Amino acid sequence: MAATATLGYDDLPALLKRLTGDEKHDWSSLSTLDVLWVLYDRVLREDDRFLLSKGHGPTAFYAVLAAKGILPLELLDGFSSFDSPLGHHPDRLLVPGAELGSGSLGHGLPIAVGRALAGRRVYVLVGDGELDEGSNWEAVQYAGRIGLETLTAVVIDNESSTYQWPGGIERRFALEGWHAVRVDGRDHDAVELALRDRRSGRPSCVVAEMLR
Amino acid sequence: MSMRERFYELASEALRNDERTAVVLADIGTAKIPEHPRRFNVGIREQLMIGVAAGLALEGYRPVVHSYAPFLVERPYEQLKVDLGHQDVGAVLVSCGASYDASVEGRTHQAPEDVAILSALPGWTVQVPGHVVELERLLARALRRDDRIYIRLSEEENHAPVPAGGHGEGLVVLREGAGPLVVAVGPTLGETMAATADLDVTLAYLSTVRPFPHDDLRAALRGADVVLVEPYLAGTSAAEVSAALADRPHRLLALGVPNAEFRHYGEPHEHRAAHGLDAAGIRASLEAWTPAG
């Protein structure tokens, strides 16, 4: 998982510019950038798993993987072309460093539960709109009831859910037994602190607020 | 002992003896497979059941997943496609409640279309044992492998097991004749044997229906007439027969469960008869199809 850092956060805009093509998920891409950077730069350890469930708008993911030396930089230039391994949704068999093939929403969190049950520390990134999918809540309920403490869900909240989450996403996770907090998703120190602030016997949820 | 009951024993044994085996359940079978650190019951959450199996497979385990066919194949169909297929990991799916086994439960608990829809996804091996001894052989093999395997258990069972063919789990020719090649799948063999006992046909048996044994079918076919007797949706393997015989003129009679909302309860044997899959029904279909002389 972890790799020697080759580039820094300030280099990411230049990498994103190399990812040309008819990307349709610009805001979606940028909304994940800060959390992805904190995960790969500060949090993930060698044996940890990271699953990008919200596969929409993966350019930020590709840029961070490239900055960390996991993905060859030259691959960024062919984004979404026929022979490129980098499409609008990541394919784990094609993208170096991708641990989940995603795109269809609501699959990452259940798979993350399985990987956590196998004894791994697992981080899974989902979107607030993605949480509309009922399959997520099967995973949220089960992980909470069994106290799956090696699982952390990061929710990017950019208010993309059509009917929103009145009362807050974090309250719903907390009701199911998770340790859940909300942070400013652009505050790297706050995101890091929240990701590290886990509770024994409870899965963790960090809602990263990324309003426009 | 039914195949389903034997499966519970075998799964429990695998948990005890094979550290690679994990069992994922959604409340069905929990009373029969004792608690174990690698037995995960996710409650009535079948999408999660498949997702958890995929996660375990990604970490090197061999997940065995079990429920009624509608809840194992139909409800989490996209999970089978994405969580297993697209991630390129395997699992052993073992269903109970084949076709009309759950006759008194009604349509919601019946999935005669399971093999057809699973066959639409790439990379699946689909196995339909007709006897508990065949189940033992197929499950033992499945646990040793890494790919995606669906084993379809039925309450209907043949009187005796059919040994594997000389080259694995292909088509097994039971007797040869001058008439049509009659292929009985899984638990339809007993009724098919009774229906054809006095007919001059080639009778063959098949329990591994995907991948379909194209070469075996070509080798066994003497004339041009093929009869498929499948215990699930009629015509499920018709395209496979057509592909196998693409360069040979042939006729096909595909028997199975009709594609219809069948709003009856009662006993499985009543459904079998209503679908024309008992010996009398199979015989009647053969006589109506086989040209005179």
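Trainee: Across which strands does helix α7 of chain B lie?

Mentor: Before that, two ground rules. Residues are numbered from 1 along each chain as its sequence is written, while chains are lettered from A and ligands numbered from 1 in the order in which they are written. This is a predicted model, where local features need pLDDT of at least 70, side-chain atom pairs count only at pLDDT 80 or more, and totals for chains, interfaces and linings use all residues. Helices (H or I, at least four residues) and strands (E, at least two) are DSSP runs, numbered from the N terminus. Now your helix: α7 (residues 189–196) of chain B lies across β8, β9 and β11 (225–233) of chain B, and runs at about 150° to β8(B). For such angles, axes are lines fitted to C-alpha atoms, for helices over the stretch in contact, and angles run from 0 to 180 degrees between N-to-C directions.

Trainee: What is the order of the strands in the open sheet of chain B?

Mentor: Strands of a sheet pair through backbone hydrogen bonds, either parallel or antiparallel. Two strands count as paired if DSSP finds at least two bridges between them. Here five strands make an open sheet with mixed pairing, in the order β7-β9-β8-β11-β12 (chain B). At the edges sit β7 (172–175) and β12 (251–257) of chain B, each pairing on one side only. Further in, β8 (residues 181–185) and β9 (residues 202–206) of chain B pair in the parallel sense over five bridges, and B:V185 stands opposite B:L206 in β9(B). Another helix, α11 (residues 279–289) of chain B, lies across β11 and β12 of chain B, at about 155° to β12(B).

Trainee: How many residues of chain B are in contact with chain A?

Mentor: Two residues are in contact if their C-beta atoms, placed from the backbone, lie within 7 Å. By that rule, 22 residues of chain B are in contact with 18 residues of chain A. On the chain B side, α2 (46–58) and α4 (77–86) of chain B are the elements that give two or more residues, and α2(B) gives the most, with nine residues.

Trainee: Which residues of α5(A) are buried?

Mentor: An α-helix has 3.6 residues a turn, so residues three or four places apart point the same way. A residue is buried if 20 or more other C-beta atoms lie within 10 Å of its own, exposed if 12 or fewer, and partly exposed in between, with C-beta atoms placed from the backbone. In α5(A), the buried ones include A:S135, A:E138, A:A139 and A:Y142. The buried residues of α5(A) pack against α4 (108–117), β2 (122–127), β3 and α6 of chain A together with α2 of chain B. Just after α5(A), A:G147 takes a positive phi of about 65°.

Trainee: Which peptide bond is cis, from B:R210 to what?

Mentor: Most residues other than glycine have a negative phi, and most peptide bonds are trans. The bond from B:R210 to B:P211 is cis, with omega near -5°. You'll find B:P211 in the loop between β10 (208–210) and α8 (214–220) of chain B.

Trainee: Where does A:Q164, with its positive phi of about 60°, lie?

Mentor: A:Q164 lies in the loop between β3 (151–157) and α6 (169–175) of chain A. With 13 C-beta neighbours inside 10 Å, A:Q164 counts as partly exposed. B:D27 also has a positive phi, near 75°, and lies in the loop between β1 (21–25) and β2 (39–41) of chain B.
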